[in-house]
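Please consult the sequence and the structure shown below while reading.

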Amino acid sequence: MPYSADISRSSPGCFLFLLDRSRSMQEALGGQPGRKIDLAADAINRILDAVSQRCSRGMDIRDYFDIGIIGYNTDGSGSPIIHSIFEGTTPDQPFLSISKVVDVGVPTERQVKEPDGAGGIIEVSRTFPVWLEPHAEFGTPMCNALQYAYSAISDWVTRHPDSYPPIVINVSDGDASDGDPVPFAQQIMGLGTSDGNALMLNVHLSEVSAMPVQFPEGEEGLPDALAVTLYRMSSVLPEGFRNLAQTLDMRVGPESRGFVFNSDMVTLVQFLDIGTRGPSTIDAPGEIPYDGELA
């Protein structure tokens with residue numbers, strides 16, 4: 001059965017985040033407060049912290065996952081700038097094991113929005129590790145970033161041929177400045193391990209004021225061509241992901257894709273949480289089970 005491989009220290013999982021850092025990410029999310037880049041950076045930081053907590057056993061961080069973050073924008077002349085966020089890594093070799101990711105996080109106090117338990121949102125002060133600072137300027141070389149992601153994922157699956165398939169999570173406002181990104185995303189989705197093809201998930205943060213869309217089964221109802229493009233770049237969700245989404249009262253079907261449009265902060269964190277909790281979580285004999293629950 002595909003997408004059922006055990007995750008353990010000897011057979012880790014893999015997450016690669018791609019973050020659009022173009023000028024348009026400085027704009028407000030459609031109909032909602034806050035810049036897109038701030039929402040995206042905070043959500044990724046919080047998810048990395050949650051993943052590290054799930055992998056913690058006392059003071060020991062068990063290396064169940066390899067994680068990379070690639071940011072992409074251009075310079076003033078339009079030349080692509082592809083950043084590997086973790087120090088000592090490169091865009092085609094962006095991964096650190098989760099224990100090393102924890103080592104490079106900087107504890108920082110931030111104001112974050114959280115559910116108030118009564119259907120509303122409140123802003124509270126939390127101290128949590130920060131790996132990613134909000135930065136956004138110039139253009140959106142998404143095709144170029146996807147090419148680097150392809151190289152990184154190709155190398156990873158060669159070294160881990162029987163692991164749970166890698167997961168790429170692209171957070172963008174969707175307006176690629178260097179061509180059509182769909183073929184490049186499809187190349188990534190063509191990679192895989194013996195357990196299935198790599199999964200491509202997309203978060204679309206748009207300035208367009210339109211109803212949020214979560215895990216659609218088709219293109220009908222998507223607000224514009226940019227949303228359609230990112231939808232076409234997204235994988236059909238495996239059963240484990242769909243089951244998890246249903247526990248969060250999200251409507252999903254057998255053809256739902258890993259795509260959301262104009263999520264608020266809570267939904268954005270939920271989406272990234274699903275992306276990082278979806279894999280099978282049964283460890284090999286002798287390992288302490290990784291139960292997939294937030295610490």
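Is Met-25 buried or exposed? Met-25 is buried, since its relative accessible area is 0%. The model discussed here is a predicted one.

## Overall architecture

The protein contains seven helices and 14 strands. Its radius of gyration is 18 Å, and this agrees with the value near 19 Å that a compact globule of 295 residues would have. Along the principal axes, the C-alpha atoms occupy a box of roughly 50 × 45 × 40 Å.

Of the 295 residues, 55% are buried. Contacts between residues at least 6 apart in sequence are formed in 75% of cases by residues at least 24 apart.

## Surface and charge

The protein has an accessible surface of about 12,200 Å², and carbon and sulfur atoms account for 49% of that area. The charge count comprises 19 positive and 40 negative charges.

## Surroundings of Met-25

Met-25 is located in the loop between β1 and α1, the latter covering residues 36-54. Beyond four places in sequence, its contacts include Leu-19 and Asp-20, together with Arg-35, Lys-36, Ile-37 and Ala-40. One of the contacting residues, Arg-35, is ten residues away in sequence, with a C-alpha to C-alpha separation of 6.9 Å from Met-25.

With a relative accessible area of 0%, Pro-166 is buried. Setting aside residues up to four places away, Pro-166 touches Cys-14, Ile-153, Trp-156 and Val-157, as well as Thr-193, Ala-198 and Leu-199. Between Pro-166 and Ile-67, 99 residues apart along the chain, the C-alpha distance is 9.9 Å.

Ile-85 occupies the loop between β5 (80-84) and β6 (96-97). Its contacts outside the four neighbouring places on either side are Arg-21, Ile-69, Gly-71, Trp-131 and Leu-132. The C-alpha atoms of Ile-85 and Leu-19 are 10.0 Å apart, and 66 residues separate the two in sequence.

## Met-189 in helix α4

Helix α4, which spans residues 182-190, includes Met-189. Is Met-189 buried or exposed? Its relative accessibility is 15%, so Met-189 counts as buried, the cut-off for burial being under 20%.

Met-189 is in contact with Asn-197, Ala-198 and Met-200, and also with the run Arg-232, Met-233, Ser-234 and Ser-235. Met-189 and Met-200 are eleven residues apart along the chain, and their C-alpha atoms are separated by 6.4 Å. Ala-198, which touches Met-189, is also in contact with Pro-166.

## An aromatic pair between α5 and β14

Four aromatic pairs are found in the whole structure. One of them joins Tyr-231 and Phe-259, whose ring centres are 6.3 Å apart; the pair is edge-to-face because the planes stand at 90°. Tyr-231 is in helix α5 (residues 225-232) and Phe-259 is in strand β14 (residues 259-261), so the pair ties together parts of the protein that are 28 residues apart in sequence. Tyr-231 and Phe-259 are both buried.

## Positive phi angles

Most residues other than glycine have a negative phi. Two residues in this model, neither of them a glycine, have positive values: Tyr-3 at about 55° and Asp-249 at about 60°.

Tyr-3 is situated in the segment before β1 (13-20). Its relative accessibility of 23% places Tyr-3 in the partly exposed class. Asp-249 lies in the loop between α6 (239-247) and β14. Asp-249 counts as exposed, with a relative accessibility of 74%, the cut-off for exposure being over 50%.

Definitions and conventions. Residues numbered from 1 in each chain as written. Predicted model: local features only at pLDDT ≥ 70, side-chain atom pairs only at ≥ 80, totals over all residues. Heavy atoms only, no water. Helix = DSSP H or I, 4+ residues; strand = E, 2+ residues; numbered from the N terminus. Rg over C-alpha atoms; globule rule 2.2 N^0.38 Å. Buried < 20%, exposed > 50% of the residue type's maximum accessible area, 1.4 Å probe, protein only. Contact = heavy atoms within 4.5 Å. Areas by Shrake-Rupley, 256 points an atom, 1.4 Å probe, with all protein chains shown as cover. Lys, Arg positive; Asp, Glu negative; His and termini not counted. Charge placed at Lys NZ, Arg CZ, Asp CG, Glu CD. Phe/Tyr/Trp six-rings, centres within 6.5 Å; stacked < 30°, edge-to-face > 60°.
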